[in-house]
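Hello,

Here is the structure I promised to pass on to you. Please open it and keep it beside this message while you read.

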Amino acid sequence: MNIRKRFLSIGAVVGALALGVSLAGAQAPIFFRIGTGGTAGTYYPIGGLIANAISGAGDKGVTGLVSTAVASNGSVANINAIQGGSMESGFTQSDVAFWAHSGTGLYEGKGKVEDLRLIATLYPETIHLVARKDAGIKSVADLKGKRV
């Protein structure tokens, strides 16, 4: 084999090895879906902001992570999607998350969703309950059996 063919053969082998190493070093993207709520609500745009902040585009976020906000039917749908593996995370109201984790409330008889974990609290949700003075309602417990 002449020198030129030998160098071409060695170059081809080195090139193939270099390509193989670079492909092995390249990581497949990791997808992280965030279940939000309806597109007209508050949670969808917040989910989009979080997804953009943690996605690894350019010099920000987590390298190799592709995160997306996914419109959903809310708390229960998000927990069910996480449990079923079709989403990695989701927004939920604290009472629904507690019921799912403890197997109570809406999740009574459905079993506990024990592998749920809290990442962050977005903000407290305050409600105001107002009743007529003559309704005899002095506490939340007094609402039992009433039409709300």
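This is a predicted model: local features need pLDDT of at least 70, side-chain atom pairs count only at pLDDT 80 or more; totals for chains, interfaces and linings use all residues.

Residues are numbered from 1 along each chain as its sequence is written, and side-chain values use heavy atoms, with hydrogens and water left out.

An open sheet is formed by 3 strands in the order S4-S1-S5, with parallel pairing. Strands here are DSSP runs of E with at least two residues, and helices are runs of H or I with at least four, numbered from the N terminus; two strands pair if DSSP finds at least two bridges between them. At the edges are S4 (65-70) and S5, each pairing on one side only. S1 (residues 30-35) and S4 pair over 6 bridges, and Phe32 stands opposite Ser67 in S4.

Ser89 lies in S5 (residues 89-90). Is Ser89 buried or exposed? Its relative accessible area is 7%, so Ser89 is buried (buried is under 20%, exposed over 50%, partly exposed in between, with a 1.4 Å probe and protein chains only). Leaving out residues up to four places away in sequence, Ser89 touches Phe32, Arg33, Ile34, Gly35, Ile82 and Ile119 (contact means heavy atoms within 4.5 Å).

Val140, in the segment after helix H4 (94-102), is exposed, with a relative accessible area of 58%.

Enjoy exploring!
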